[in-house]
Amino acid sequence: MEIKVTRASVLKEKPDQNTLGFGSYFSDHMFVMDWNEAEGWHNAQITPYAPIPMDPASMVLHYAQETFEGLKAYKNDGKIFLFRPEMNAQRLMKSNERLCMAQLEEELFVEAVEAIVSYEEDWIPTNEGTSLYIRPFCFATEVGVGVHPSKSYKFIIVLSPVGAYYPEGVNPVKIYVEDEYVRAVVGGTGFAKCGGNYAASIAAQVKAEKLGYTQVLWLDGVHRKYVEEVGTMNAMFLIDDEIVTAPLEGSVLPGVTRDSCIAILKEWGYTISERHLCIDDLMEYAQNGRLKEAFGTGTAAVISPIGELNYKGNIQIINEFKIGTLTQRIYDELTNIQWGNIEDTRNWRREVK
Ligand code: COI
């Protein structure tokens with residue numbers, strides 16, 4: 001792909017790596033590309049990070065044809081690594097298909113990510129626990145308010161140097177089990193990474209925060225009974241010697257970190273079951289000590305221990321509100337692969353040249 005580069009005349013001051021937080025700073029440049037029926041993807045550019053002019057009747061603003069991805073770049077010893085970017089590309093294709101949006105081939109996605117990351121390599125933080133969060137997104141730009149698939153799209157990648165997603169860092173988070181709102185049902189868009197899913201989740205998030213919780217645990221939308229996922233991550237539960245996570249049946253996001261953890265845990269000899277888990281059973285296992293550990297998995301959240309569950313006022317503390325041995329082990333394994341600290345036997349790391 002030919003990429004036109006326009007350099008920013010003034011570069012920003014880099015933020016302090018000790019106080020990055022999540023998603024508050026953005027690098028100097030972004031990747032932008034357009035799609036229309038006649039030309040397909042064209043006009044690939046690296047341009048100064050700036051507002052995008054939009055017609056008020058752009059279809060995304062009305063009917064939310066928007067999809068996105070999240071992945072990270074790491075810098076270690078002068079080398080830049082991505083973690084399984086082809087999985088993000090494949091998921092974006094599935095999301096775009098569900099929302100009837102233009103397709104973006106895997107090679108093009110990865111090439112665009114590599115191009116902007118290597119152009120902005122000075123923005124990759126190197127302090128422990130930091131990384132450059134990569135946010136590719138795609139949206140409908142056709143002007144009009146009739147409801148139909150847009151005939152034009154933009155694909156943009158912005159970059160944000162980040163620390164931990166939660167203020168808790170790798171300390172346990174408190175999770176509120178949501179029993180009023182639902183996130184997704186089979187046949188809907190739960191498996192797609194689209195802004196609309198997150199818009200619909202905010203009311204529950206606000207409610208949980210008011211009650212002193214970090215995130216919500218969603219139950220299935222039909223029976224309001226089976227555990228699905230946490231606000232910004234998939235969830236795993238160590239019950240006796242079995243690790244349980246919700247199956248991918250259409251309502252749960254197929255997380256890259258989820259998939260990686262399943263593979264690692266299987267290699268380590270654990271029994272990992274992708275199966276329905278009833279919330280009443282989970283609370284009972286927590287109460288009688290059979291629930292040994294619980295953790296969330298996600299690109300932004302990495303591995304996040306769950307230290308408390310509140311379901312309809314029944315509050316259960318997990319593993320004395322401490323990070324568990326398995327949770328710590330999987331966190332170390334995953335981050336060491338991502339950072340290039342250990343051998344990559346699974347061929348997941350991709351060096352950006
Ligand atoms: C990610 O983990 O990359 C996500 O997209 C979650 C997010 C909405 C912060």
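What percentage of the 353 residues of the protein count as buried? Buried residues make up 55% of the 353, where buried means under 20% relative accessible area, exposed over 50% and partly exposed in between (1.4 Å probe, protein chains only). The model is predicted, so that local features need pLDDT of at least 70 and side-chain atom pairs count only at pLDDT 80 or more, while totals for chains, interfaces and linings use all residues. Residues are numbered from 1 along each chain as its sequence is written, and side-chain values use heavy atoms, with hydrogens and water left out.

**Figure 1. Overall fold of the protein.** The protein contains 7 helices and 18 strands; these are DSSP runs numbered from the N terminus, with helices (H or I) of at least four residues and strands (E) of at least two. Its radius of gyration is 20 Å, close to the 20 Å given by the globule rule for 353 residues, so the protein is as compact as a globular protein of that length. The radius is taken over C-alpha atoms, and the rule is 2.2 Å times the number of residues to the power 0.38. The C-alpha trace spans about 60 × 50 × 35 Å along the principal axes.

Figure 2. With a relative accessibility of 32%, Met54 counts as partly exposed. Beyond its neighbours within four places in sequence, Met54 is in contact with Val60, Leu61 and Phe139, contact meaning heavy atoms within 4.5 Å. Val143 is 89 residues from Met54 along the chain, and their C-alpha atoms are separated by 9.3 Å.

**Figure 3. Strand β16 and its pairing with β9 and β15.** All 10 of the 10 residues of β16 (residues 302-311) are buried, so this strand is largely enclosed by the rest of the structure. Strand β9 (residues 173-177) pairs with β16 in the parallel sense over 5 bridges; two strands pair if DSSP finds at least two bridges between them. Ile175 has Leu309 of β16 as its bridge partner. Strand β15 (residues 291-298) pairs with β16 in the antiparallel sense over 4 bridges, and Thr297 stands opposite Ile303 in β16. A hairpin of 3 residues joins β15 to β16.

**Figure 4. The hairpin formed by β16 and β17.** Strands β16 and β17 (residues 314-317) run antiparallel and are joined by 4 bridges. Leu309 has Gln316 of β17 as its bridge partner. The hairpin has 2 residues between the strands, and Lys312 in the turn has a positive phi of about 50°.
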